[in-house]
Amino acid sequence: IVAEKAGRGLGHDLHALLSSHYVPAFVALKERGATVNELRTLRKRARFYPLDLSVTFRDGRMVPYVVILGSMAFQVCAEIPYRAICIDRHKTQAADEEPMIC
């Protein structure tokens, strides 16, 4: 795990915590989508601080996300309309060139 805006990775203690404990997270695409639009609207009414998360996939493609960690993730998720989450989930699944089928 590497912090995007820092010149070095996360501190050893935080890295150990994230690798050994369950940390609730709400993750949404940063660039576009119904969910991130709802997050922006909600941000005007509530006090939470989303972090930037970049995920590098196997094909070398990097995708920017917004992540909310901790118990606030549950509260934010409850405020986002289910329709917005479903729209983004379907867009993501449609764009996946190598879906994992379990």
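T35 sits in helix α2; helices here are DSSP runs of H or I with at least four residues, strands are E runs with at least two, and both are numbered from the N terminus. The model is a predicted one, with local features needing pLDDT of at least 70 and side-chain atom pairs counting only at pLDDT 80 or more, while totals for chains, interfaces and linings use all residues. Residue numbers start from 1 along each chain as its sequence is written, and side-chain values use heavy atoms, leaving out hydrogens and water.

With 4% relative accessibility, T35 counts as buried (under 20% relative accessible area; exposed is over 50% and partly exposed in between, with a 1.4 Å probe and protein chains only). Its side chain makes a polar contact with that of D88, at 2.7 Å (N or O atoms within 3.5 Å, one able to donate a hydrogen and the other to accept it; residues adjacent in sequence count only if both atoms are side-chain atoms). Leaving aside residues up to four places away in sequence, T35 also touches F26, A28, I80, A84 and I85, contact being heavy atoms within 4.5 Å.

F26 brings in the largest nonpolar core, where it is among the residues with the most contacts, along with L39, L42, F48, I68, V76 and I80. That core has 14 residues, and a nonpolar core is a set of buried Ala, Val, Leu, Ile, Met, Phe, Trp, Tyr and Cys residues joined through side-chain atoms within 4.5 Å. Helix α2 gives the largest share, four residues.
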